[in-house]
Amino acid sequence: MTTGQHRATQPETDPPQDDEPLPTIAEQMADQLGGWRGLVESSIPVVVFVLANIIGDLRPAVIASVAVALLIAGLRLAQRRPIRHAVNGLFGVGIGAAIAWRTGDERDFYLPGILYGIGYGIALLISAVVRQPLVGWIWSVLVAKGRSEWRADPKLVRTFTRLTVLWGVVWLAKVGVQAGLYLAHEDTALGVARLALGYPPYALLLLITVWTVRRVTREPQPTPLPGA
């Protein structure tokens, strides 16, 4: 037998490669929020609309907010940076601006966000009721690289169900505040609430979710008794 044949018949002795570790909490937070730059850039068009609408009329405010959103997206594209957050912000601003322009009512700028928030909150609660927690499936896509082993772990199913209920309740609460201001025609207060109740609650919920899931998955499994 030649040396090459001997080597070919030897079993593989290399140690198995471990799965790639999950990103840290800070890395996951930064990715979902787009970092500090993403937070600032997504808020600028709304700030511009609120300020321009206070100083001037509705239509200049609409034009200014859309122009700023387009500028931010263009700068990110020119710098070869991810434009997901910029596009999402541009999409939301564009729809609200179009509705406000058509109706001539400045508060309608915020209507798409309110309706989206109501639908999202209801969807979260329904998914928890039917034991298909939406937060768990989002975790599978964004963090676990498509894996859904958590469905076979009753503890993780309960964890994701509770987290989904928390997300749904908070989402409906914050959109309820905005809806109340919308119905009361408190236009300026509605703009301030849109900013204050935007990313801060989302960041807090995301932090709670990441910390809770990582804590549960790292809990040691009970050792079976001898002869069991």
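**Overall make-up and details**

Mentor: Of the 228 residues of the chain, 32% count as buried, where buried means under 20% relative accessible area, exposed over 50% and partly exposed in between (1.4 Å probe, protein chains only). This is a predicted model, in which local features need pLDDT of at least 70 and side-chain atom pairs count only at pLDDT 80 or more, while totals for chains, interfaces and linings use all residues. Residues are numbered from 1 along each chain as its sequence is written, and side-chain values use heavy atoms, with hydrogens and water left out.

Trainee: How many helices and strands does the chain have?

Mentor: Helices (H or I, at least four residues) and strands (E, at least two) are taken as DSSP runs, numbered from the N terminus. Read along the sequence, the pattern is α-α-α-α-α-α-α-α-α-α. The count is therefore 10 helices and 0 strands.

Trainee: With which residues is W167 in contact, leaving aside its neighbours within four places in sequence?

Mentor: Contact means heavy atoms within 4.5 Å. With those neighbours set aside, the partners of W167 are Y120, L124, V135, Y202, L205, L206 and T209.

Trainee: Is V129 buried or exposed?

Mentor: V129 lies in helix α6 (residues 111-129). Together with L115, I118, I122, I126 and V130, V129 forms a nonpolar patch on the surface. Because its relative accessibility is 68%, V129 counts as exposed.

Trainee: What is the phi of R131?

Mentor: R131 is placed in the loop between α6 and α7. Its relative accessibility is 40%, so R131 counts as partly exposed. The residue is not a glycine, yet its phi is positive, near 65°.

Trainee: Where does H185 lie?

Mentor: H185 also has a positive phi, of about 60°, although it is not a glycine. With a relative accessible area of 48%, H185 is partly exposed. Its place is the loop between α8 and α9 (187-196).

Technical notes
Patch = residues over 30% accessible without salt bridge, like charges linked within 9 Å, V, L, I, M, F, W, Y side chains within 5 Å. Areas by Shrake-Rupley, 256 points an atom, 1.4 Å probe, with all protein chains shown as cover. Salt bridge = Lys/Arg side-chain N within 4 Å of Asp/Glu carboxyl O.
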